[in-house]
Amino acid sequence: MIPLRRHLDRWLFRIGPPEPSPIVLGQRRIFVLPTPAGLAFAAALLVMLIASINYNLSLGYALVFLLGGVSVASMVHAFRNLLHLSFTPGRAEPVFAGESACFHVVVANHRHARRPSLRLKAHGAIVPFEIGAGDGGDLIVPAVTAGRGWMALGRVRIETTYPLGLIRAWSVLVPDQRCLVYPAPEPMPPPLPEGASRNLGRRAGSTGDDDFAGLRPYQPADSPRHVAWKTLARGGPMLTKQFSGMDGGEIHLDWDDFPPDLDIEARLSRMTAWIVAAEQRGLAFSLTLPDARIAMGRGSEHSAGCLRRLALFGTEAGTDA
């Protein structure tokens with residue numbers, strides 16, 4: 001069934017592999033059909049025409065042809081509302097599995113006419129928008145992620161029922177855009193493995209807790225002990241407490257150190273949670289996988305590189321990470 005759908009898309013809508021940008025909607029890419037309201041309107045016109053012929057009503061003829069001309073004019077306006085629109089894929093920041101990926105699509109209107117009542121549909125999401133004369137905009141298309149790896153934006157439909165809702169003009173495009181999906185962090189992971197320093201994450205020569213340094217947005221791998229519950233109880237957002245004075249210890253995340261009963265996805269999920277926790281605490285860490293080893297490092301770029309390895313683990317793209 002799926003190959004037949006792809007064959008029909010390729011033959012009818014000329015849809016193949018992802019298209020190079022920018023994607024411009026030409027005349028042969030725009031399709032026009034009546035909406036359900038348009039079909040009801042056409043049926044009413046037919047009844048009025050039959051009644052005018054039966055009773056020889058001159059005013060009835062005039063009304064039917066006037067309304068018919070209006071419907072034809074609305075078809076032209078709907079078609080021109082999409083004609084020569086330009087679409088360029090934007091950025092898509094990596095997310096964790098289960099979160100919503102945000103695909104940015106840049107739309108440009110090169111005509112000196114406003115483009116109202118437009119809708120962009122992809123992954124079940126509907127994004128209404130309009131573009132001013134000679135203007136552009138950055139559309140955000142949300143998409144719920146399920147598994148790790150690359151997630152493509154895929155088939156996108158742009159449509160309009162402007163101006164009367166009687167005619168629907170639409171076009172289908174496949175931008176060359178994808179988002180990297182990291183493994184979902186384990187909700188309640190074990191403590192970080194001990195590294196070279198026994199006082200991992202503590203201030204040197206000090207006992208007790210570190211100094212409070214501020215608040216930051218909550219992340220799934222954060223410990224419940226560090227959540228700012230008072231702020232949440234007052235109706236504020238869910239935040240996590242940050243502490244300073246850490247000694248910057250080192251930890252080693254090794255694939256072979258996990259219990260043998262953990263499957264691949266569970267190991268990736270736990271490693272993801274530990275990487276997020278190590279970055280939040282300013283710790284240096286190394287990563288050892290069956291097919292790769294990442295040397296000791298710290299910071300957001302190092303964490304992003306390790307998370308990318310985990311996201312593409314076991315795939316052909318993982319060798320190029």
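Reader: In what order do the four strands of the open sheet stand, and is the pairing parallel or antiparallel?

Author: Strands of a sheet pair through backbone hydrogen bonds, in either a parallel or an antiparallel manner. In this predicted model, four strands make up an open sheet in the order S1-S3-S5-S8, and the pairing is antiparallel.

Reader: Which strands are the edge strands?

Author: Strand S1 (23–24) and strand S8 (136–144) are the edge strands, since each pairs on one side only. S8 is joined to strand S5 (residues 100–109) by nine bridges, and the two run antiparallel.

Reader: With which strands does S12 pair, and in which sense?

Author: Strand S4 (residues 95–96) pairs with S12 in the parallel sense over two bridges. Strand S9 (residues 149–152) pairs with S12 in the antiparallel sense over four bridges. Valine 181 in S12 stands opposite valine 95, and valine 181 is also the bridge partner of glycine 149.

Reader: How many residues of strand S12 are buried?

Author: Strand S12 (residues 178–182) is mostly covered, with four of its five residues buried.

Reader: I turn to helices. What span should helix H2 have, and how far apart are its end C-alpha atoms?

Author: Helix H2 (residues 36–55) has 20 residues, which at 1.5 Å a residue should span 28 Å; its end C-alpha atoms are 29 Å apart, in agreement with that expectation.

Reader: Which residues of H2 are buried, and which exposed residues does the opposite face carry?

Author: Gly38, Leu45 and Ser52 are buried in H2. Viewed down the axis of H2, its buried residues fall within an arc of 40 degrees, so they line one face of the helix. The face turned away from that buried side carries the exposed residues Pro36, Leu39, Val47, Ile50, Asn54 and Tyr55.

Reader: How many salt bridges does the structure hold?

Author: Side chains of opposite charge can pair when their charged atoms come close. The structure holds eight salt bridges. One of them joins glutamate 19 to arginine 29, with the closest N and O atoms 2.6 Å apart. Glutamate 19 lies in the loop between helix H1 (2–12) and S1, and arginine 29 in the loop between S1 and strand S2 (31–34), so the pair ties together parts that are 10 residues apart in sequence.

Reader: Are glutamate 19 and arginine 29 buried or exposed?

Author: Both glutamate 19 and arginine 29 are buried.

Reader: Which residues do salt bridges with shared partners join into one network?

Author: The side chains of lysine 121 and glutamate 159 meet in a salt bridge at 3.0 Å, N to O. Lysine 121 is in strand S6 (residues 115–122) and glutamate 159 in strand S10, 38 residues apart, and the pair thus links distant parts of the chain. Arginine 168 also forms a salt bridge with glutamate 159, the closest N and O atoms being 3.0 Å apart. Salt bridges that share partners join Arg119, Lys121, Arg157, Glu159 and Arg168 into one network.

Reader: Where do the backbone angles call for attention, and which peptide bonds are cis?

Author: Most residues other than glycine have a negative phi, and most peptide bonds are trans. The peptide bond from serine 21 to proline 22 is cis, with omega near -5 degrees; proline 22 is in the loop between H1 and S1. A cis peptide bond also joins tyrosine 162 and proline 163, with omega about 5 degrees, and proline 163 is in the loop between S10 and S11. Asparagine 56, although not a glycine, has a positive phi of about 55 degrees. Asparagine 56 is found in the loop between H2 and helix H3 (58–82) and is exposed, with a relative accessible area of 59%. Serine 117, in strand S6, has a positive phi near 55 degrees.

Key
Residues numbered from 1 in each chain as written. Predicted model: local features only at pLDDT ≥ 70, side-chain atom pairs only at ≥ 80, totals over all residues. Heavy atoms only, no water. Pairing = 2+ DSSP bridges. Expected span 1.5 Å × (residues − 1). Buried < 20%, exposed > 50% of the residue type's maximum accessible area, 1.4 Å probe, protein only. Arc of directions from axis to C-beta. Salt bridge = Lys/Arg side-chain N within 4 Å of Asp/Glu carboxyl O.
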